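Hi there,

Here is the structure I promised to pass on to you. Have a look at it first, and my notes follow below.

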Amino acid sequence: MPSCINGVVLEDWTYHALKIVLNAGGIMGQYRHSISSIMAMTGNELGQKTTQLYQYEEGRFFYFLDEPKHKPKYRLNIVGHSSPVGSPILFWGTCEYAHGMNLNNFCKTVHNLLNSLKNKGHNIQCIRIIACWTGANGLAQRLANHLNMPVKGSLGGTRIYSTSNLRPTLNINRHFIDKPDGNNYYFPEEGDRQRRHDPAYGLYRWYYPQLSGSDCGFEAFINERISR
């Protein structure tokens with residue numbers, strides 16, 4: 001039987017929430033939270049400040065839309081895994097039977113998804129890849145060059161959690177991106193691993209289409225964003 005929030009069927013609530021935001025221009029936010037803040041949220045807050053994931057069959061990965069703080073209109077968020085720095089650039093989704101994609105196939109697949117969203121009336125202006133090392137290994141920059149569109153990539157590891165794993169009694173199955181802070185609910189071993197081996201965990205940076213000519217370096221300097 002469907003879960004309810006204050007008497008509203010969850011499936012209907014998530015559908016209407018997405019429709020209201022996309023059609024009326026409401027703020028969806030980044031959906032980045034510390035585990036500590038997730039644990040402190042009420043059921044209503046959890047439903048409003050987290051997101052539902054949608055599956056893209058062609059690429060076998062999940063995605064969602066939001067509005068970034070410093071960019072116009074809507075952003076496409078792509079969820080998956082990527083290869084470490086120094087390895088050939090690959091991306092693979094988290095859906096069942098997901099297959100690895102090389103750089104060329106990934107760029108083409110994202111291009112096809114953007115066209116599909118555009119045909120549905122969604123004006124996508126930028127992208128965030130929620131997968132480890134997508135900034136550091138060059139994937140975000142290459143996608144930005146291919147699409148001529150800003151792409152945000154991670155400088156280290158990154159993780160997306162299900163609310164049902166952390167707050168099972170609320171029966172709300174939505175997702176958020178881990179935003180580390182000093183009071184998070186990590187096991188000590190996990191916190192130590194991040195400090196010692198992945199100091200860039202949770203850090204994202206914007207990558208812009210590379211320009212030709214002498215203005216390239218200045219343009220990149222002006223547009224660079226690093227956020228936790």
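Leaving aside residues up to four places away in sequence, L143 touches F106, C107, V110, I127, I129 and V151, where a contact means heavy atoms within 4.5 Å. Before I go on: this is a predicted model, so local features need pLDDT of at least 70 and side-chain atom pairs count only at pLDDT 80 or more, while totals for chains, interfaces and linings use all residues. Residues are numbered from 1 along each chain as its sequence is written, and side-chain values use heavy atoms, with hydrogens and water left out.

Back to L143, which belongs to the largest nonpolar core, a set of 29 residues. By nonpolar core I mean buried Ala, Val, Leu, Ile, Met, Phe, Trp, Tyr and Cys residues joined through side-chain atoms within 4.5 Å; buried is under 20% relative accessible area, exposed over 50%, and partly exposed in between (1.4 Å probe, protein chains only). The members that touch the most others are L76, F91, F106, V110, I127, I129 and L143. Two or more residues come from each of β5, β6 (74-79), α4 (103-119), β10 and α5, with α4 giving the most, seven residues. Helices (H or I, at least four residues) and strands (E, at least two) are DSSP runs, numbered from the N terminus. There is also a second, separate core of nine residues, and I35, I38, Y161 and F176 are among them.

Now the charged side chains. How many salt bridges does a search of the whole structure find? The search gives three, counting a side-chain nitrogen of Lys or Arg within 4 Å of a carboxyl oxygen of Asp or Glu. Two of them involve D66: R75 forms one with D66, with the closest N and O atoms 2.8 Å apart, and R128 meets D66 in another at 3.3 Å, N to O. R128 lies in strand β10 (residues 124-130) and D66 in strand β5 (residues 61-66), so this pair ties together parts that are 62 residues apart in sequence. Shared partners join D66, R75 and R128 into one network. Relative accessibility is 0% for R75, for D66 and for R128, and each counts as buried. The remaining salt bridge links R60 to E57, with the closest N and O atoms 2.5 Å apart; R60 is buried too, at 17% relative accessible area.

Two strands pair if DSSP finds at least two bridges between them. Strand β8 (residues 90-92) is joined to β9 by two bridges, and F91 stands opposite M101 in β9.

Finally, a word on confidence. The chain averages a pLDDT (the predictor's confidence in each residue, from 0 to 100) of 80, and 76% of the residues score at least 70. The pLDDT is below 50 over residues 1-28, a stretch with 40 contacts in the model beyond near neighbours in sequence. Residues 214-228 are also below 50, with 22 such contacts.

Best wishes
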